[in-house]
Amino acid sequence: MRKPEIAFASAPLLGTRVEIDGLTYELVRADPYIRVSDGRPTYVLTWRGCCARCGGSFDVKTGLRAQTINKRCRTHRAPGRPATAAAKIRWARPKSGPTGR
Ligand SMILES: [Zn+2]
């Protein structure tokens with residue numbers, strides 16, 4: 001089973017860095033919000049990362065847990081295709097994402 005790339009019990013401190021598939025993401029925002037599905041408080045985390053293609057910085061939002069995180073800026077994003085061969089994503093059955101995007 002694939003481990004979630006993002007998995008926090010509560011909101012990490014701003015400036016927290018995570019490294020995913022060789023790319024570093026820095027937490028720039030953490031906004032509390034009430035999850036619609038069960039009414040529980042949670043957070044929307046905004047991470048700043050560098051595009052795997054051009055190296056440009058971009059922001060990406062996740063919940064406290066996320067199976068995966070965008071690896072590329074808006075220009076180079078290609079949904080459903082992994083940025084690198086190492087980042088092959090195999091979802092048995094993708095549920096609606098934590099951000100409801
Ligand atoms: Zn790019």
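This report walks through the strands of the model and then zooms in on one alanine.

What you have here is a predicted model, in which local features need pLDDT of at least 70, side-chain atom pairs count only at pLDDT 80 or more, and totals for chains, interfaces and linings use all residues. Residue numbers start from 1 along each chain, as its sequence is written.

**Confidence.** The protein chain averages a pLDDT of 84, and 75% of the residues score at least 70; pLDDT is the predictor's confidence in each residue, from 0 to 100. Take care with residues 85–92, where pLDDT stays under 50. For that stretch the model has 9 contacts beyond four places in sequence, a contact being two residues whose C-beta atoms, placed from the backbone, lie within 7 Å.

**Overall build.** The protein chain has 0 helices and 6 strands. Both are DSSP runs numbered from the N terminus: helices are H or I with at least four residues, strands are E with at least two. Of the 101 residues in the protein chain, 12% are buried. Buried here means 20 or more other C-beta atoms within 10 Å of the residue's own, exposed means 12 or fewer, and partly exposed is in between, with C-beta atoms placed from the backbone.

**The sheet.** An open sheet is built from 4 strands in the order S2-S3-S4-S5, with antiparallel pairing; two strands pair if DSSP finds at least two bridges between them. Strands S2 (17–20) and S5 (57–62) are at the edges with a single partner strand each, so one side of each has no neighbour in the sheet. The pairs look like this:

| Strand pair | Bridges | Direction |
|---|---|---|
| S2 and S3 | 4 bridges | antiparallel |
| S3 and S4 | 8 bridges | antiparallel |
| S4 and S5 | 6 bridges | antiparallel |

Arg48 in S4 is a handy landmark: Glu26 stands opposite Arg48, and Arg48 stands opposite Asp59 in S5.

Now for the turns. S3 and S4 form a hairpin with 6 residues between them, and Gly39 in the turn has a positive phi of about 70°. The hairpin of S4 and S5 also has 6 residues between the strands, and there Gly55 takes a positive phi near 80°.

**Zooming in on Ala30.** This residue sits in strand S3 (residues 23–34). Is Ala30 buried, exposed or partly exposed? Ala30 is partly exposed, because 17 other C-beta atoms lie within 10 Å. Leaving out residues up to four places away in sequence, Ala30 touches Ala11, Leu14, Tyr43 and Leu45. Ala30 and Trp47 are 17 residues apart in sequence, and their C-alpha atoms are 9.0 Å apart in space.
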